[in-house]
Amino acid sequence: MMSFHVFLKHAGEQAQEESAIRRVTLPKNTYLYKAPEKPNTIFLLEKGLVKIGAHTAEGEEMLYDVLHEGAFFGNLRFLDGQFSEFAKTLTAVDCLQVDLLFFKQQVCEVPALAAWFQESLVRRWCRMETRLQQLCHLSPLEKLSFIGEHLKSPFQKNQPAAQEILPLLSAVELAQLTGLSRQTIAKWQKKRLSEDSPLELSIKLCAERAAIETLAEREIRRKC
């Protein structure tokens, strides 16, 4: 299936001439946008990790997802002005910034892009639904193991050396993603650091993730 990245490889020169796309490289902990900003561009992530979330009434960040290479994000302007999320780099990133009008026009006019767009939205919805379902009945330790596996890129699932995301997130962010208290997260982190050697920790995490991943994938196949 043709993704927007593949499409731009063929239409990139024309798009650049029209100032419809530009390449952006940003360091860690940099906002791509935040409320009340309403960007008129869509971002295509080529390398790195981006945090997506919103701000509470008190102005605190509330994390609800981490996006990987291949993902797109931004204000599609389908919500009648209710867009209020932020996008912030979790690592250094490379991405393409695509004019919203150009993006939506191409998705509407190119059937292969329309199919990619629809599949991407459905997969993201299914992924979030699966997360909510799993986190409702897992134990605290299982929740942390599950979220660590869940946040990995689909392309990294079977790679032993895949980048671990949990160490990149704060205790507050882990609490937001799992529904656990900050105190529970802090106790878990302290316990792991004090009682487990790196090898023992790796073995335990691998066993936990293997079991939980099997359950999560079964649920995804059943729903999709």
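**Aromatic pairs and helix packing in a predicted model**

At 4% relative accessibility, Arg131 counts as buried, a term that stands for under 20% relative accessible area, with exposed meaning over 50% and partly exposed in between (1.4 Å probe, protein chains only). This is a predicted model, in which local features need pLDDT of at least 70 and side-chain atom pairs count only at pLDDT 80 or more, while totals for chains, interfaces and linings use all residues. Residues are numbered from 1 along each chain as its sequence is written, and side-chain values use heavy atoms, with hydrogens and water left out.

**The protein as a whole**

- The protein has seven helices and eight strands, where helices (H or I, at least four residues) and strands (E, at least two) are DSSP runs numbered from the N terminus.
- Of the 224 residues in the protein, 45% are buried.
- Among the contacts in the protein with a separation of 6 or more, 73% come from residues 24 or more positions apart, and contact here means heavy atoms within 4.5 Å.

- Arg131 is found in helix H3 and, leaving aside residues up to four places away in sequence, touches Tyr64, Asp65, Phe146, Ile147, His150, Leu151 and Leu177.
- Helix H3 (residues 111–135) packs with helix H4 (residues 140–150) at an angle of about 165 degrees, and their axes are 10 Å apart; axes are lines fitted to C-alpha atoms, for helices over the stretch in contact, and angles run from 0 to 180 degrees between N-to-C directions.
- That angle makes H3 roughly antiparallel to H4, since angles under 35 degrees count as roughly parallel, over 145 as roughly antiparallel, 65 to 115 as roughly perpendicular and the rest as oblique.
- On the H3 side the contact is made by Arg127, Thr130, Arg131, Gln134 and Leu135, and on the H4 side by Lys143, Phe146, Ile147 and His150.
- Phe146, which is found in helix H4, counts as buried at 2% relative accessibility, and its C-alpha atom is separated by 8.1 Å from that of Gln134, twelve residues apart along the chain.

**Aromatic pairs**

- A pair of aromatic rings is described by the distance of the centres and the angle of the planes.
- The structure holds 14 aromatic pairs, counted when rings of Phe, Tyr and Trp (its six-membered ring) have centres within 6.5 Å, with planes under 30 degrees apart called stacked, over 60 edge-to-face and the rest tilted.
- One of these pairs is formed by Phe4 and Phe7, which are edge-to-face at 5.5 Å centre to centre, with 65 degrees between the planes.
- Because Phe4 and Phe7 are three residues apart in helix H1 (residues 4–17), they are separated by about one helical turn; Phe4 is buried at 0% relative accessibility, and Phe7 is buried at 11%.
- The ring centres of Tyr33 and Phe73 lie 6.4 Å apart with their planes at 40 degrees, so this pair is tilted.
- Tyr33 lies in strand E2 (residues 31–33) and Phe73 in strand E6 (residues 72–74), so the pair ties together parts that are 40 residues apart in sequence, and both Tyr33 and Phe73 are buried.
- One aromatic cluster is formed by Phe4, Phe7, Phe72, Phe102, Phe103, Trp116 and Phe117.

**Charges over rings**

- The charged end of Arg124 sits over the ring of Phe72, at 5.3 Å from its centre, a description that requires NZ of Lys or CZ of Arg within 6 Å of the ring centre and within 35 degrees of the ring normal.
- Lys34 lies over the face of Tyr31, 4.5 Å from the ring centre.
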